[in-house]
There are 2 protein chains.
Amino acid sequence: MPVGTVGTVKAVHTRELVEDVQAQIILGNTYHLYLRPGLAVLEQAGGLHGFNGWPGPILTDSGGYQVYSLSDRRKITEAGAMFQSHLDGSRHLFTPEKVMDIQRTIGADIVMAFDECPPYPCEYGYAQKSMEMTHRWLARCCERFDSTEPKYGHSQTLFPIVQGGTYPDLRVQSAEAIAAFGREGNAIGGLSVGEPADKMYATTELVCGILPADKPRYLMGVGTPVNLLECIALGIDMFDCIMPTRNGRHGMLFTSQGTINIKNERWKADFSPIDPEIGGYVSTFYHRAYLRHLFLSGEILGLQIASLHNLSFYLWLVGQAREHILAGDFYEWKNKMVGQLAQRL
Amino acid sequence: MPVGTVGTVKAVHTRELVEDVQAQIILGNTYHLYLRPGLAVLEQAGGLHGFNGWPGPILTDSGGYQVYSLSDRRKITEAGAMFQSHLDGSRHLFTPEKVMDIQRTIGADIVMAFDECPPYPCEYGYAQKSMEMTHRWLARCCERFDSTEPKYGHSQTLFPIVQGGTYPDLRVQSAEAIAAFGREGNAIGGLSVGEPADKMYATTELVCGILPADKPRYLMGVGTPVNLLECIALGIDMFDCIMPTRNGRHGMLFTSQGTINIKNERWKADFSPIDPEIGGYVSTFYHRAYLRHLFLSGEILGLQIASLHNLSFYLWLVGQAREHILAGDFYEWKNKMVGQLAQRL
């Protein structure tokens with residue numbers, strides 16, 4: 001899922017998301033959209049779909065990630081999280097119930113439970129208490145969600161989130177508790193927050209062994225192209241990550257042959273396309289020397305090309321993964337690709 | 001002509017220039033391209049066409065405008081202008097001959113003569129001496145241009161530039177001198193540098209009465225939508241201006257009903273398209289409330305939408321002008337439009 005925090009996938013037109021990236025779903029962020037443009041405007045627009053014109057499904061982060069990323073601007077209690085707006089300092093209490101109501105108004109197709117995403121590292125005692133509160137919050141989310149209706153004539157569904165830090169026993173406990181809620185899909189949160197990759201993989205494997213295989217498993221906030229392939233191998237079906245757009249804006253390109261720092265001197269007179277392998281307009285039309293020139297000149301078009309290419313690459317990669325799964329040669333292909341993608345060109 | 005100073009029309013993909021804006025020609029800048037990416041890279045790429053992939057004609061500013069805009073970084077002598085690079089402080093002598101050679105290497109379809117663009121206001125004596133030097137430089141440009149060949153297998157042509165400040169007798173003298181060179185097209189420089197609109201119109205009218213009507217007349221650096229219509233009425237065929245893109249990046253939209261400051265509160269919940277009248281993706285797909293949100297959130301997509309819309313509007317406007325000229329009702333239409341376009345919504 002390309003990330004569109006405030007209702008826009010940065011530097012990418014909606015038409016490009018549909019036609020070039022061929023995204024099937026995008027992500028928005030409850031906390032950010034609640035602050036700006038605000039619920040009144042979103043409701044008048046017919047929800048986020050009406051506001052930004054994206055024709056496909058939308059999943060919204062619940063604000064649980066901001067509990068982590070804005071840790072100096074929030075206070076957590078059993079009731080919920082009190083945030084101080086990063087825009088104007090105003091205070092806003094996010095409770096599980098309120099977060100469900102907000103996502104009803106945003107009109108997200110997939111609504112995420114309100115959780116606490118603890119940091120890494122995190123003491124066992126804190127991780128346990130936090131996880132238990134996340135479970136209690138989930139019960140409140142489900143109650144509110146199940147007793148309210150969609151506002152715009154299309155259905156919405158609620159995904160719960162497994163927490164428990166990097167402690168295997170807590171993760172098992174959480175995965176079992178979350179699976180027992182029997183929702184239509186399940187998410188794994190609290191990873192990709194600074195822990196080593198092997199802990200992320202181990203935790204993902206452990207949790208995937210418990211979450212039902214016949215429902216989508218969503219690994220939140222992950223990751224590099226290699227992370228995606230490894231986690232697909234472990235049973236993950238859905239990802240979101242800002243890397244393709246954020247790293248793109250810093251001149252880092254993901255390609256089928258490895259990563260490129262487009263600002264390097266080495267691309268100065270390289271008139272080969274960004275990545276002919278993956279096809280599509282942006283990856284085959286512009287050459288590397290031109291893109292380098294745009295970055296060195298501080299031109300907006302450079303950010304646009306890099307963002308659009310990286311997203312196209314990510315969607316190409318998971319599309320390839322899907323094909324190889326269906327063809328039955330996923331592991332062989334994955335192991336070859338992991339070596340290739342980890343290269344720096 | 002959309003302006004692509006360093007080889008990119010800011011915030012607009014090449015594909016969008018072709019398909020959405022439907023630009024027939026774009027502009028590049030000799031001084032900027034010479035400094036970055038530099039002639040070695042441009043030559044290896046097959047010129048600017050090969051470098052940025054733009055499939056249509058390109059006109060290049062000669063650097064004469066930088067003689068004006070970078071006046072604290074250059075020294076003018078009969079030989080040419082010594083520039084100190086705005087990038088690294090290095091010194092570069094631009095002579096008429098060198099500027100022709102550079103534009104041969106850039107591969108511009110229309111090469112502009114190297115001139116001095118004097119400021120406004122400008123004393124009579126200075127304007128006269130400057131104009132006379134511009135005429136001598138033009139003779140040197142023609143000699144060099146006519147004794148050299150295109151580098152990439154397509155033809156190039158050289159347009160001379162009328163100067164003379166806002167002094168009618170100098171403008172007459174310059175227009176007659178320039179017309180006598182008998183090139184394929186002629187330009188009017190030294191306007192849109194701070195003089196009142198009535199002086200710009202009066203000068204344009206005077207000069208258009210002298211420059212041959214059967215060759216394109218190009219008014220450099222102009223202007224607002226109203227300026228364009230008024231100057232078309234006076235006989236101008238070609239324009240370039242950064243207004244559609246620069247003003248767009250500041251949230252100012254040109255529409256068929258007048259100008260919009262998209263940051264205004266008034267658009268907060270306005271879900272009507274930017275300008276349904278002109279048609280096309282960007283002007284009909286995104287609504288004003290969303291575009292306002294993008295600007296208030298500092299999102300790149302806002303810059304993209306505003307730039308693409310404004311360029312589409314400019315090209316729509318001159319397309320309409322062309323149709324009304326052919327239909328024989330241009331003045332009536334122009335007078336109606338001028339009132340409409342001058343409104344602030």
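A crossing is left-handed if the near helix is turned anticlockwise from the far one by less than a right angle, and right-handed if clockwise. This is a predicted model, where local features need pLDDT of at least 70, side-chain atom pairs count only at pLDDT 80 or more, and totals for chains, interfaces and linings use all residues. Residues are numbered from 1 along each chain, chains are lettered from A in the order written, and side-chain values use heavy atoms, without hydrogens or water.

**View 1. Helices α10(B) and α15(B) pack at about 160°.**
Helices here are DSSP runs of H or I, at least four residues, and strands are runs of E, at least two. Helix α10(B) covers residues 225-233, and α15(B) covers residues 330-341. Their axes, lines fitted to C-alpha atoms over the stretch in contact, lie 9 Å apart. The angle makes the pair roughly antiparallel (over 145 degrees, on a scale from 0 to 180 between N-to-C directions). The crossing is left-handed.

**View 2. Residues join α10(B) to α15(B).**
Contact means heavy atoms within 4.5 Å. From α10(B), the contact residues include Leu229(B) and Glu230(B). From α15(B), they include Trp333(B) and Lys334(B).

**View 3. Chain B superposes on chain A.**
A rotation of 180° with 0.0 Å of shift along its axis does it, with RMSD 0.0 Å. That is the relation of a two-fold axis. The same surface serves both copies: 100% of the contact residues of chain B recur in chain A. Within chain B, Ile300(B) comes closest to the axis, its C-alpha at 3.9 Å.

Technical notes
Copies are superposed by least squares on the C-alpha atoms of residues with pLDDT of at least 70 in both. Angles under 35 degrees count as roughly parallel, over 145 as roughly antiparallel, 65 to 115 as roughly perpendicular and the rest as oblique.
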